[in-house]
Amino acid sequence: MVGGLEHLLQKRILVLTGALTGGMEPHNVLLAEDSLSHDPIRLIIASPGGDLDSAFLLYDTIRLLQSPVETFGRYCASAAALLLAAGGKRYLSPHAKVMLHKPWGKQEGDSRDWEIQGAEMKKYEGKFINALIECGVRKTYVEILGDIDRDLWLEPEEAIAYGLADEIMTPEVMGRW
């Protein structure tokens with residue numbers, strides 16, 4: 001859910017909380033803000049992740065805007081970690097948590113449907129890893145694949161070293177927001 005407080009929007013600050021779902025509100029707000037000016041847009045993220053289709057739609061929107069998008073992660077698990085990494089300038093709160101893992105989901109249908117769904121999951125895994133590399137993760141494809149075999153929990157300093165964020169938010173930086 002995107003916070004819609006008027007004073008935040010006046011400062012071009014969007015808040016993304018909760019699970020990522022198929023809603024279009026975050027995409028629409030980002031597009032609307034970008035159409036008004038190309039000043040920086042700030043995205044605060046506190047999310048356990050969610051639907052990977054929704055995450056990639058938002059990721060594409062962030063990467064295609066003319067306005068630079070700065071991300072500020074407070075809790076970025078799963079697909080939300082990708083959104084954190086997508087920012088042009090990426091901050092973490094001092095006690096933030098970031099978590100990466102393989103895409104997962106439920107399978108339904110008969111054995112042929114399972115094969116199709118399994119192949120799609122492998123495609124998503126590759127897209128997820130390639131997007132992380134595109135965002136500046138300092139690991140190879142094979143290293144990331146090994147790292148995400150199980151939940152990989154990162155403290156702010158670890159997430160910065162990994163290449164998911166740039167620095168820890170300070171009162172001075174927050175004052176400029």
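The model is predicted, with local features requiring pLDDT of at least 70 and side-chain atom pairs counted only at pLDDT 80 or more, while totals for chains, interfaces and linings use all residues. Residues are numbered from 1 along each chain as its sequence is written, and side-chain values use heavy atoms, with hydrogens and water left out.

## Nonpolar cores

A nonpolar core is here a set of buried Ala, Val, Leu, Ile, Met, Phe, Trp, Tyr and Cys residues joined through side-chain atoms within 4.5 Å. Buried means under 20% relative accessible area, exposed over 50%, and partly exposed in between, using a 1.4 Å probe and protein chains only. The largest core has 45 residues, and Val98, Leu100 and Leu164 have the most contacts inside it. Helix 4 (residues 79–86) gives the most to this core, with eight residues. Helices (H or I, at least four residues) and strands (E, at least two) are DSSP runs numbered from the N terminus.

Contact means heavy atoms within 4.5 Å. Not counting residues up to four places away in sequence, Leu100 touches Ala81, Phe128, Leu132, Ile148, Arg150, Asp151, Leu152, Tyr162 and Leu164. As a general matter, nonpolar side chains in soluble globular proteins tend to be buried together.

The buried residues are Ala79, Ala80, Ala81, Leu82, Leu83, Leu84, Ala85 and Ala86. Their cover includes strand 2 (13–17), strand 3 (41–47), helix 3, strand 4 (69–77), strand 5 (89–100) and helix 5.

Leu83 lies in helix 4 and counts as buried, at 0% relative accessibility. Leaving aside neighbours within four places in sequence, Leu83 is in contact with Leu16, Leu20, Ile45, Ala55, Leu58, Tyr59, Ile62 and Thr71. The C-alpha atoms of Leu83 and Gly146 are separated by 21 Å, and the two residues are 63 apart along the chain.

Ser78 is in the loop between strand 4 and helix 4. At 13% relative accessibility, Ser78 also counts as buried. Beyond residues up to four places away in sequence, Ser78 touches Pro48, Gly49, Met99, His101 and Phe128.

## The largest pocket

On a 1 Å grid over the protein atoms alone, a pocket is an open set of points where a 1.4 Å probe fits, with protein on both sides within 12 Å along at least five of seven lines; lining residues have an atom within 4 Å of a point. Grid points are joined across faces, edges and corners, and a volume is the space filled by probe spheres set on the points.

The largest pocket holds about 410 Å³ of space. It is lined by 20 residues, of which Gly50, Leu52, Pro103, Trp104 and Gly105 are the closest to its centre. Helix 3 (52–64) and helix 5 (111–134) each supply at least two residues of the lining, and helix 5 gives the most, with five. By class, the lining has eight nonpolar, seven polar and five charged residues. In this classification Ala, Val, Leu, Ile, Met, Phe, Trp, Tyr, Cys and Pro count as nonpolar, Asp, Glu, Lys and Arg as charged, and the others, Gly among them, as polar.

## Salt bridges

A salt bridge is a side-chain nitrogen of Lys or Arg within 4 Å of a carboxyl oxygen of Asp or Glu. By this rule the model has 11 salt bridges, including those tabulated here.

| Pair | N to O distance |
|---|---|
| Arg12 and Glu33 | 3.3 Å |
| Glu120 and Lys123 | 3.0 Å |
| Glu125 and Lys122 | 3.2 Å |

The salt bridge between Arg12 and Glu33 links distant parts of the chain: Arg12 is in the loop between helix 1 (6–10) and strand 2, and Glu33 is in helix 2 (residues 25–36), 21 residues apart. Arg12 counts as buried, at 9% relative accessibility, and Glu33 is buried at 9%.

Glu120 and Lys123 are three residues apart in helix 5, and are therefore separated by about one helical turn. Glu120 is partly exposed, with a relative accessible area of 35%, whereas Lys123 is exposed at 52%.

Glu125 and Lys122 are three residues apart in helix 5, with about one helical turn between them. Glu125 is buried at 7% relative accessibility, whereas Lys122 is exposed at 54%. Salt bridges that share partners join Lys102, Lys122, Glu125 and Asp149 into one network.
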